[in-house]
Amino acid sequence: MARALDEARRAERRGEVPVGAVVVAGGTIIARAHNQTLRAKDPTAHAEILALRRAARRLGSSRLTDAEIYVTLEPCAMCVGAMIQARIASLTFGCRDPKAGAVVSLYELTRDRRLNHRFPFHEGVLAQECSRLLSGFFRARRAETRGAREAR
């Protein structure tokens with residue numbers, strides 16, 4: 001999770017929402033990524049999606065059955081859907097996302113028996129650090145917006 005936090009900080013430095021993801025297979029990091037939706041002008045360029053793509057390319061397979069993914073923020077429905085399609089082994093995430101989380105907050109997609117793959121998850125790893133990074137980012141964004149409005 002510490003490496004995922006490093007990725008999240010990279011996103012923040014680039015003006016992106018600070019979310020990072022790392023994919024591990026066989027005890028080795030095989031892919032890492034951070035949010036790049038603004039830079040890439042791509043709504044699907046979430047850290048999880050980019051990390052899964054890189055892991056699949058590295059392993060030469062769309063099936064990541066032995067891979068574990070670590071993410072700083074609870075994944076959204078799109079990202080959990082990609083994890084299901086990739087058949088990941090497990091997910092670990094830092095803090096919950098009450099507005100878009102699809103693991104425990106809004107939906108419980110990882111447990112939905114109607115889907116063709118389910119996987120275990122662990123939450124709360126370095127949760128305070130993950131949450132603090134996101135909160136600080138959005139606090140600064142709100143202050144910038146407020147300042148711009150007041151300047152008009």
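Among contacts in the protein chain (heavy atoms within 4.5 Å) between residues at least 6 apart in sequence, 54% join residues at least 24 apart. The model is predicted, so that local features require pLDDT of at least 70 and side-chain atom pairs count only at pLDDT 80 or more, whereas totals for chains, interfaces and linings use all residues. Residues are numbered from 1 along each chain as its sequence is written, and side-chain values use heavy atoms, with hydrogens and water left out.

Five helices and five strands make up the secondary structure of the protein chain, both being DSSP runs numbered from the N terminus (helices H or I, at least four residues; strands E, at least two), and along the sequence their pattern reads α-β-β-α-α-β-α-β-β-α. Of the 152 residues, 43% are buried, where buried denotes under 20% relative accessible area, exposed over 50% and partly exposed in between (1.4 Å probe, protein chains only).

Two aromatic pairs are present, a pair being rings of Phe, Tyr or Trp (its six-membered ring) with centres within 6.5 Å, and with planes under 30 degrees apart counted as stacked, over 60 as edge-to-face and the rest as tilted. The ring centres of Phe93 and Phe121 lie 6.2 Å apart with their planes at 25°, and the pair is therefore stacked. Because Phe93 belongs to strand 4 (residues 90–95) and Phe121 to strand 5 (residues 121–123), this pair ties together parts 28 residues apart in sequence; both Phe93 and Phe121 are buried. Phe137 and Phe138 form an edge-to-face pair, at 5.1 Å centre to centre and 80° between the planes. Phe137 is buried at 7% relative accessibility, whereas Phe138, at 34%, is partly exposed.
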